[in-house]
Amino acid sequence: MKKHSARVAPLSACNSPVLTLTKVEGEDRSRENVVGATESQAAGGAAGAESGSSRRRLRCCIRVTAVQVRKALWGVAMVMCVCSSWAGSTQLAKLTFKQFDAPFTLTWFATTWNCLFFPLYYIGHLCKSPERQTPRQRFRECCRFFGDDGLTPKVLFTRVAPFGLLWILTNYLYLQALRKINTTDASALFCCNKAFVFLLSWIVLRDRFMGVRIVAAILAIAGIVMMTYADGFHSHSVIGITFVVASASMSALYKVLFKMVLGSAKFGEAALFLSIVGSANFVFISFVPVILYFTHVEYIGSPDSVPWAYLCGVAGLLFAFNVLMNFGIAVTYPTLISLGVVLSVPVNAMVDLYTCEIHFNTVRLIAVFIICLGFLMLLLPEDWDQCIIQLSARLRKRDEPAESSGEAGATTGLNWRGRARTSMSTFAH
């Protein structure tokens, strides 16, 4: 049976920000090549080829810097796409419920679009991979993610079905909340799922304890309480807030259980998994909207009265959001992808301010602020305190006046600048 590590490094990939379920293919190999190149450069310097080693080191630094700049530029684009897709789906779902008050049917319809994940991945495989495989070969290779036996009925019902239910519950509860509260509160409260992921990974997966993340979790809980108090504990808003918190909890449980049961998936494996979730939703859950229709719980009316443009818009935006969140780490840093989620809160606030009657009182603004602050604190790397100490030490050295003068002082200054360049290049690596 194929084994996967159940240990989670909370900000190694930030997923969704605290937790990432996908990994870049070939990542380990590229790191080994970088280490090997660094060791060969050190050996060349020890042999006396200082000029050649310095030249190679400069090329390496320029190359690494170019990669980082390219990733940062991609990250800006990803932030805008993630923010627009998440805010757009939230706003469009709110508008949809004015004409089509059927949250579970909308959830089922949007989840069915997950079937497109693997076909889109295979198209990318044909365009990028030098060794092209047939769809059946690629499917069988990705099925190894579930074990040596591949995708069996037992695996389908024991390892895939629970995650499909969590996926549907996450989306359904969030859509239910949009029927009760405004989009600003819903998007801000959903950001608490990062704090829930940290708490679950710390308790269930024995993850590393970090004080700053405990503070972030406390801020998230305080924000939930203040958000409830902002409307005076009315039953309508309390129910909506409960739905959002439950949705965030289901999302956190999905991520932590995925990491514990299945481990980290490559892009093809993740695409296949999500396609199976969408296919299983279409095959096994289709009877639920039918029952809700005949019992008039979610009465749709005639097919002509269904706003298909809104439904397809919500489903398409949610699909784009999930594509960016799961596969965006191929082109940029995971932390930048996560910023798109929290930036959707002010975007929704601006839209709500001009499209609906929303009262931004002091309590609501403080609640939104501390929830977003807790979200950003969860994006800090594990060694953030050491980075700050190193940065402050370098700044102090730069501000120190030269103790000697003349030729000796000039020589010392040159040596100091050489050491600074070396240390900065090591820090950048």
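This is a predicted model: local features need pLDDT of at least 70, side-chain atom pairs count only at pLDDT 80 or more; totals for chains, interfaces and linings use all residues.

Visitor: What volume does the second largest cavity have?

Guide: About 60 Å³. The count of cavities of 30 Å³ or more comes to 3.

Visitor: Which residues line that second largest cavity?

Guide: You'll find Thr 107, Ala 110, Thr 111, Trp 113, Asn 114, Trp 167, Asn 171, Ala 315, Leu 318, Phe 319 and Asn 322 there.

Visitor: And which helix gives the most to the lining?

Guide: Helix 13, with 4 residues. At least two residues each come from helix 3 (103-112), helix 6 (153-178) and helix 13 (308-327).

Visitor: Switching topic: how many helices and strands are there in the protein?

Guide: 17 helices and 0 strands. As for contacts between residues at least 6 apart in sequence, 84% of them join residues at least 24 apart.

Visitor: What share of the residues is buried?

Guide: Of the 429 residues, 43% are buried. The largest nonpolar core has 95 residues, and among those with the most contacts inside it are Phe 146, Met 227, Phe 258 and Val 341. Helix 6 provides the largest share of this core, 10 residues.

Visitor: Okay, what about Ser 344, is that buried or exposed?

Guide: Ser 344 counts as buried because its relative accessible area is 0%, and the cut-off for buried is under 20%. Ser 344 sits in helix 14 (residues 334-355).

Visitor: What is Ser 344 in contact with, leaving aside its neighbours within four places in sequence?

Guide: Cys 83, Trp 86, Ala 87 and Ser 187.

Visitor: Now confidence. Where is it lowest, and where is it highest?

Guide: The lowest is helix 17 (residues 406-428), at a mean of 40, while helix 3 is highest at 95. Across the protein the average pLDDT is 77, and 75% of the residues score at least 70.

Visitor: Which stretches have pLDDT under 50?

Guide: Residues 1-19 are one of them, and residues 26-49 are another. Beyond four places in sequence, the model has 68 contacts for residues 1-19 and 8 contacts for residues 26-49.

Visitor: Great, thanks!

How values were computed:
Residues are numbered from 1 along each chain as its sequence is written. Side-chain values use heavy atoms; hydrogens and water are left out. On a 1 Å grid over the protein atoms alone, a cavity is a set of points where a 1.4 Å probe fits but cannot get out, and a pocket is an open set with protein on both sides within 12 Å along at least five of seven lines; lining residues have an atom within 4 Å of a point. Grid points are joined across faces, edges and corners, and a volume is the space filled by probe spheres set on the points. pLDDT is the predictor's confidence in each residue, from 0 to 100. Contact means heavy atoms within 4.5 Å. A nonpolar core is a set of buried Ala, Val, Leu, Ile, Met, Phe, Trp, Tyr and Cys residues joined through side-chain atoms within 4.5 Å. Buried means under 20% relative accessible area, exposed over 50%, partly exposed in between (1.4 Å probe, protein chains only).
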